[in-house]
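Please examine the structure shown below before reading on.

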Amino acid sequence: MLAASLLPALIVAAVLLLSGIGKLLDLDAAPSTLRALRLTGLPPRAVVGTVASAEIVVAAGVLLGAGLVAVVAATASVTLALLFLSVGVRAQAHASTDECGCFGPLASTRVGPAMTARNAAITVLAVLGLIGAVGDLRAPALAVRLLLSPGPAVVVAIAAAALAVIGATLRTPGPTIETPASDVRDAALITPDGAVVVPRQRALRGRAQLLLFVRRGCSSCENIIDRVRWDRELLETLVDVRLIVAVGDDSAVSTAGEGLHADPSGEFAVALGIPADRPAGVLLTTAGELLRPIALGGEDTASLVDTVLAAAADARGPRTDGAASSN
């Protein structure tokens, strides 16, 4: 069936076009894209602009090329798909859960299993498109075959449905609503160096507090811990970041681990009304108020970190000398 034979190449071309155009529309976000993908030491705008241009050129080749040109374009699409898959898997292995900027302002995509699954699906489709191009070297270009087909609208409809499935992995974080904190005036933590700190007092002195509640051994928690350690310098240009572990009566404070604040018997979390789910996160503003809803679970907590990270990047602007806060 014509639709079945054209569908993989059509989907891949559409995805590459959307991805390339989206990136070019938002080149100012190139630094955050490379940071999300854990790619350092590269010129952001040049790299993202080059990749976006390559996506558009390859998509055009898949749609308009015939014969050997179609095979070359299909091979290039497989190469790009494998590149995106490997870079995404590497970023995930480096504990990134950031918005990757894969589609620029057109959609929001977070590094993680859903993105990896989507990239794997696109890779499979690109391979099928290559097989189709190699198997029919005498066929006219994809765009021409669509125009000559008696039912091109059916092909486009099926492709659109498949793209919608791929788009199910794209989402935009929802807004937060500010509500007052309660019973946190004297709630204290033990800092990594053994001192006592009252986060609300620090907040009222002009340093908002990003409070992240974690548990050692929890995979989502360890991802948040690694993520914060990676991005701490930028985060702390705007807020104090506190990774918090409850320490029970039968556990020494040292069990909180290097760089983590200890919450004796979980009293600090109770004072803030933090449920037992881990990881969890909340922002304590300079007005001494909590921003709700409280982020619960790995995905929501990562979204909270993303929001603060984006605000920190915007606030810092072109500066590179933002000073990190102390305990």
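**Ring pairs and strands**

In this predicted model, rings of Phe, Tyr and Trp pair if their centres lie within 6.5 Å, and by this rule the count comes to one aromatic pair. The partners are Phe-213 and Phe-268, which are stacked, at 6.1 Å centre to centre and with 25 degrees between the planes. Phe-213 belongs to strand β4 (residues 209-213) and Phe-268 to helix α10 (residues 267-272), so the pair ties together parts that are 55 residues apart in sequence. Because buried means under 20% relative accessible area, Phe-213 counts as buried at 1%, and Phe-268 counts as buried at 2%.

Another ring, that of Phe-84, has the charged end of Lys-23 sitting over it, 5.5 Å from the ring centre.

Attention now turns to the strands. Strand β7 (residues 280-284) and strand β8 (residues 290-296) run antiparallel and are joined by four bridges. Within this pairing, Gly-281 of β7 stands opposite Ala-295 in β8. The two strands form a hairpin with five residues between them, and Gly-288 in the turn has a positive phi of about 75 degrees.

Pro-264 lies in strand β6 (residues 261-264). Its relative accessible area is 31%, so Pro-264 is partly exposed. Leaving aside neighbours within four places in sequence, Pro-264 is in contact with Ile-190 and Val-247. The C-alpha atoms of Pro-264 and Leu-189 are separated by 7.4 Å, although these residues are 75 residues apart along the chain.

Definitions and conventions:
Residues are numbered from 1 along each chain as its sequence is written. This is a predicted model: local features need pLDDT of at least 70, side-chain atom pairs count only at pLDDT 80 or more; totals for chains, interfaces and linings use all residues. Side-chain values use heavy atoms; hydrogens and water are left out. Rings of Phe, Tyr and Trp (its six-membered ring) pair if their centres lie within 6.5 Å; planes under 30 degrees apart count as stacked, over 60 as edge-to-face and the rest as tilted. Buried means under 20% relative accessible area, exposed over 50%, partly exposed in between (1.4 Å probe, protein chains only). A charge sits over a ring if NZ of Lys or CZ of Arg is within 6 Å of the ring centre and within 35 degrees of the ring normal. Two strands pair if DSSP finds at least two bridges between them. Contact means heavy atoms within 4.5 Å.
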